[in-house]
Amino acid sequence: MIYFNLLLDIVASYVNMLALQFGQCGNQLGHALFSKLSTDIDAKKTGVPYNVNYNYIEEVFDKWFSGLTKDGKRLARAILVDTEEKVINKITDNKCGSWTYCTSNAFYQAAGGSGNNWAYGYMEKGIRFYESISDIIQCEIEKVDHLDGFLFLLSSAGGTGSGIGSRIIELLREEYKNKSFVSTIVLPFLFGEMSTQNYNTLLTLVKFLDNADAVFLFENEDIHHMLKNLLNVDVKLEDINDVISKNLSIAFQPISNMQNNLHSLMAKLVVEPCYKLATIKSVPFLSIFPEYNATNTWQSYLCQLKRMLKVYSIASDIKCKKTKKLSRASCSTPSSLYSHSISNILITRGSCTYKDIQTDDLQEKCLYADWITTEAFTHLHQQRHILNHDKALALLTNNSNIYHPINEVLDKAWNSYIHSAFLHHYKKFDLEDDDFLRTFVKIENVLKDYKELDRK
């Protein structure tokens, strides 16, 4: 019994996460995520006995929070980095809710941003700021017995999150070789954000592919489209962050499997080092249709997730789901219309037994590349409800669909490059033509690997 308790203590120490929030998007997304995590702790509708819920809350707290303030608020285990103080001041001054940030974990320099220039953030500010940021990180790591890994949160569009974030992960990887590095990168809208966003996105992806264990991509365009169809109102960035943070919560909250630390989860998802790009799909998509959500079964939710694996199907498929149940027949789409996966991890949360959730549709061979020899599908379950949902599911999927949004960015970046558009912004920070060409080649090779997954 003593040995067993000691083993539990050792395994439990592997759940501490440190979130690193970069730039406006990363900090706003991080704030949305910790709000979700804290709301989950305070949820009244848990579906499990008191002692089970108590243990779950302890796990969540240990994983994401580093302590309590004098007035009892939870302190997020997060580092906030920006080159402008406006966003950081706004979210750290927010006194509402049951959690807050440690103000000493916020690093910003009122330096006028990074000019939407990856090179400025990476070549100049990332190096200049690393020592100060590293000191803050080290102080936070010293508060835990064992850090499981880092969660990076950023947008690829601008210069601060993408450029400084790229430099920081590169330097941290050298310093913490045995830790897990997981990144959440928000891809920009295809049109209308900034002229340099395509260069910035490719340069960011290359650095994170080189240094992260897994790169989770979220498309502003895709999520905006889904929200617009479901709500029929003007969609704000806060709404998009709410969706992304919910996906991350369902995916990364504790699961009833003590061996399920971040490293083992990523090892199941990224089975080959050349395939590190992944996405997270979750249902229910929104919380505002309780009468609709309450009518859904585990099987209909599983069908919705499978539909999301169709070949680059933007989520217009779900636009009518607030009034319409999906039947089992919804899963009968011809196999040729599905993207092929390297691996899929299904995480289910809610009151039922593991065997009650029939996952056969997500294990069909037609969903996976022919050459995969390892177990490509994993199902993990947690009895405790999340965010007051009776049922919630997340699918962490590493599949060929990621080819399409990245290829669009590559085409636009290449078109700008051959016309020498905006290159002078980068060259004044010593980024040369060879750097761009190496970036294009790296991304093209990654896309080639993903596209070939669909060749049977």
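I worked on a predicted model, in which local features need pLDDT of at least 70, side-chain atom pairs count only at pLDDT 80 or more, and totals for chains, interfaces and linings use all residues. Residues are numbered from 1 along each chain as its sequence is written, and side-chain values use heavy atoms, with hydrogens and water left out.

Entry, strand 10. I looked up strand 10 (residues 277-283) and found six of its seven residues buried, so it is largely enclosed by the rest of the structure; buried means under 20% relative accessible area, exposed over 50%, and partly exposed in between (1.4 Å probe, protein chains only). Strand 9 (residues 214-219) runs parallel to strand 10 and is joined to it by two bridges, with V215 partnered by L277. Strand 13 (residues 391-399) pairs with strand 10 in the antiparallel sense over five bridges, and I noted L396 as the bridge partner of I280.

Entry, S343. I found S343 in strand 11 (residues 341-350), where S343 is buried at a relative accessible area of 0%. Its side chain reaches the backbone oxygen of L269 at 2.4 Å.

Entry, L437. I placed L437 in helix 15 (residues 433-451) and noted that L437 is partly exposed, with a relative accessible area of 33%.

How values were computed: Helices (H or I, at least four residues) and strands (E, at least two) are DSSP runs, numbered from the N terminus. A polar contact is a pair of N or O atoms within 3.5 Å; within protein, one must be able to donate a hydrogen and the other to accept it, and residues adjacent in sequence count only if both atoms are side-chain atoms. Two strands pair if DSSP finds at least two bridges between them.
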